[in-house]
Every structure is written in C-alpha cells, then in structure tokens.
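Please look over the model below before reading on. The points that follow are meant to be checked against it.

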Amino acid sequence: MFLCLACHQKEEPLTITLSGDVILDRGVADELRIYGDSMLEHSLHPFLSSDFNIINLETVLTIAHQPTKEGFAFRSDPSIAETLQKGNVTHASVANNHSYDYDSIGFAHTLSALNSKGIVNLGAKCEPTLLSKGDQSVAIVAASFTSNNDHLSINDAHELLVVVKAFAAKNPEIPLILYLHWGLEYQLAPDERQTDMAHMLIDHGADMIIGHHPHVFQGVEYYNGKPVVYSLGNFVADAYLPNTTKGMIARIRIIEQTPQLSFVPIDLSAYLPVKMSLSDQEKYMLNNMKYNDLMCYYNDGNEWFVKEMEDVDFSEESTEWLFHYENEYQIVIKPLFADGHKLTLFKNGFPQKSVLLNGELSEITIGDINNDDVQEILLGITKKVNFDQRIRKRLNIFKVENDGIQVVWLGTHFLHDLQSFSITQEGNMNYLQTLEKDTLNNKIKGIYEWDEFGFALKTMETRYENN
C-alpha cells in the first residue's frame, strides 16, 4: 500500500532562478578585499536556492592584466569561481559585452575557471543547454546583442532565430527560455527594436525571454501568452545611479512542462543583494506597473507572481493583487475577510482612496467599456443585494476621477445568470461580451452596448446546449 501511494505522488516542480548583472570588479572587489569572499557567498545563498541558479557574469575571471579596450573592463581572480559555486551558482552566462574585456585569453580563463568548479557556462556555444529534473526538462539559450559581441557564437538576431526555430521544431514539448543581454542602459522601458525582436522570437518558438544589461528593472510584457522580462536590473554591482540599486531576480517553476514566473525584488547593500521589506516591495512593484499594462502581480508573502489579467484567480492565496490602471494610477486589491476585499487607488505608488467590495471576487478587467476615452474597472462579484436576494455573480464598474474612485454601474440586469465577461472591440467601439447560463443550463454568449441606462443587448447566441 505504501509503495502504491508513493508511485502516485505529485512530482516536485523543476525550479530555476535567474539573476541580472553580476560585476565583481571595482567597488565590489574593494568590499571583498576588506571583508573576504565569504561575504559574497553568504549574500547569494538566500536567493540562489533553486535546482538551477543562473547569473549573468559581466566579469572576466583571469590573471591577465592588459584589457583589450578603453573604458570599463572588468576582471577578477579565477579563484572567485569557487565563491560563486559555494553561493549556489550552477550556470553563468558569458554572453555579454564584457566577456572579451581581456581578449581570447581572458575568455578562455573564464570558461576554465567556471568549469573547474562545475559551473556550466551559457553563451559560449551556439546551442541550447538542457536543464532536467525527473521527467521535466527546460532548455535555455544565452545570447548578447550589445557591443563587443563578435567573438560570441550567437551575436545577431538571425543566428538566434535559427537556433530557436530548430529547437522548437525538434522539441515542441520542452519549454525554451532565452536569456538575453540587450537594450539601452538605464532606460526604464524597452525600445521598439527589443519588443519587435521579442515578438519575432516568441512567434518562432521561444516560451519565455529574460533580459539584462540596462542595469535597471524594465517592463514585463505578455505576448501571445508568453512572458518577456526586458531587464532584471543589477544583482551584484557597485551601482549608484538612479534605479540601479534595486532589481529583481526571476524564479521559474516548470510544472508539467509549463513554466510559471515569479519575482523577488532586491536592494543592493554594500553592492550585494538583500531582500526588500514587504512595504518597499509593494512600492517598487507599483512604480513599475506603468510598464506592465493588462497584467497583474500578486504576492504570496515570499515572492511576486505575474499573470495576464484575464488569468487572475482571486481564490488563490495572496496578500494582495496589483494592477496598472492608467497613466500614474495603480489599483491594489487586498482580502479583508471571508468574501470581502478592499480596493485601493494608488497614485505614483502612494495610496489615495479605497472602496470595500463585499462578496466573492472572481475576475477583473480594465478598459474603456462605455467609449468615453476613460478606462473603467470591471469586477465580477458573487453576492446578494437588497433588491435581489439570490446569490449570483454581478458586474460592478468603477472609474478614477479626481484621485478618487467613482461608481459607474452596479448592475445585475443581464438576460441570464452571468458566468464571465470581457471587453471586445468592433471597429472603434468597445462592447461587453458575456458568457451567461439560462435556467436549462445552456451557455449563451451575449454582446452588450453601453447606453445611458447601462447595457443594452446587441446580440446573443447559444454556445453550448445542455444535453
């Protein structure tokens, strides 16, 4: 009996942590000379606890002393590879603009130092690296699209596209993650070239893109259901410029060959990563929401998960859900009690007004439902009301006005019981699309147009009939 139960135990997910930029020279090297390399080891441990832990190593590990370029050239003694290994680093990307700072000899020394401590390099070969645990696998490719990349095996978008297409065609069941060095330094949002490249790569088989190089956290986008993290920011660096002393680490869980993405925000203290307080995390996430339209971050107390808004499930365990509303506004929803939540309007990361939501909250959509060029907040809430004592899902609509939350509609007047809803567009007009259920349990699709009294039925069709 024991053996039978053990055979059916759910398999543990494959876990991966990916960090942003790691620079082990200049101020970081000074700190380690004073306090010892163990300072680095102990700072990495709390964050690198997955099955596989990956960093972007922007430092050459070499005994050479003559750099091959003017300006910034980063080096550290090869012995620091042991500190990285003790800090749980399993993989290091060398696909960046600093890997050839000390010419081919420095590059060779770096690969040798990493290999001697069992750290797998990413980016030296033009092929994906497979990460496996039990029956689950994921592949990762590192590439760089910045300067000084001629020596790398993948240094332009066409070469990477060839790799992506070939792998996706041969291994459609294995998720493919791209770990890319790209973008403009210190910019808080990606440029058009990055977004175009990201979309192209996903169209041809990439399942997730994680970026670095700008030294700041940039926006996250979902494209065709696949996440693109344009830049994680710094992980270890003697940073001092605005926005460079905070960053993210990305955590990925592979569950039944499907990747799930979350983040842990970090501060840099003495150039090394430390976890932010929960209040600072919330403010940091909110300040970045303007680059995360139609998405949600939600917190389980340890990390921030990210989902497309249409996939938000308010029944999941979470201390709060964060949404971008419009311009400088954000929406935060927190559970208060059984079947109750508080919705708070934030402006540039600071709370403004709140409204209580009584009932079981199930879904949210943000968009211009009444075609007045102002976004509204549409909430599905299951509850009874004074004029209708049946417990049923109801649509509540709010908008932001004068830094406050105003009611637009608290209606229940649909032809049948509401199951779910979304905003659909035809031409230049937005309409409410509903899925409803009649008394015979037939599922019916409705299209409603906003008028001055609420919603007027435009079309309705039976989707599935109860047999």
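Predicted model: local features only at pLDDT ≥ 70, side-chain atom pairs only at ≥ 80, totals over all residues.

1. Residues are numbered from 1 along each chain as its sequence is written, and side-chain values use heavy atoms, with hydrogens and water left out.

2. An open sheet is formed by 6 strands in the order 7-8-9-10-12-11, with mixed pairing. Its edge strands, each pairing on one side only, are strand 7 (129–133) and strand 11 (220–223). From one strand to the next the twist averages 20°. Strands (E, at least two residues) and helices (H or I, at least four) are DSSP runs, numbered from the N terminus; two strands pair if DSSP finds at least two bridges between them.

3. Strand 9 (residues 176–181) and strand 10 (residues 208–212) run parallel and are joined by 5 bridges. His181 has His212 in strand 10 as its bridge partner.

4. Helix 6 (residues 157–170) packs on the sheet and touches strand 8 (136–144) and strand 9; its direction makes about 170° with that of strand 9. Contact means heavy atoms within 4.5 Å. Angles run from 0 to 180 degrees between N-to-C directions, with axes fitted as lines to C-alpha atoms, for helices over the stretch in contact.

5. Helix 7 (residues 192–203) lies across strand 9, strand 10, strand 11 and strand 12 (226–229), and runs at about 40° to strand 11.

6. A nonpolar surface patch consists of Tyr186, Tyr240 and Leu241, together with about 340 Å² of accessible area. Patch members have over 30% relative accessible area and no salt bridge, and nonpolar side chains (Val, Leu, Ile, Met, Phe, Trp, Tyr) are joined within 5 Å, like charges within 9 Å. A salt bridge is a side-chain nitrogen of Lys or Arg within 4 Å of a carboxyl oxygen of Asp or Glu. Areas come from the Shrake-Rupley method with a 1.4 Å probe, and for residues only the protein chains shown count as cover.

7. Leu241 sits in the loop between strand 13 (234–236) and strand 14 (246–255). Leu241 counts as partly exposed because its relative accessibility is 30%; buried means under 20%, exposed over 50%, and partly exposed in between.

8. His42 belongs to helix 3 (residues 38–44) and counts as exposed, because its relative accessibility is 52%. Ser104, in helix 5 (residues 103–116), is partly exposed at 40%.

Technical notes:
Buried < 20%, exposed > 50% of the residue type's maximum accessible area, 1.4 Å probe, protein only.
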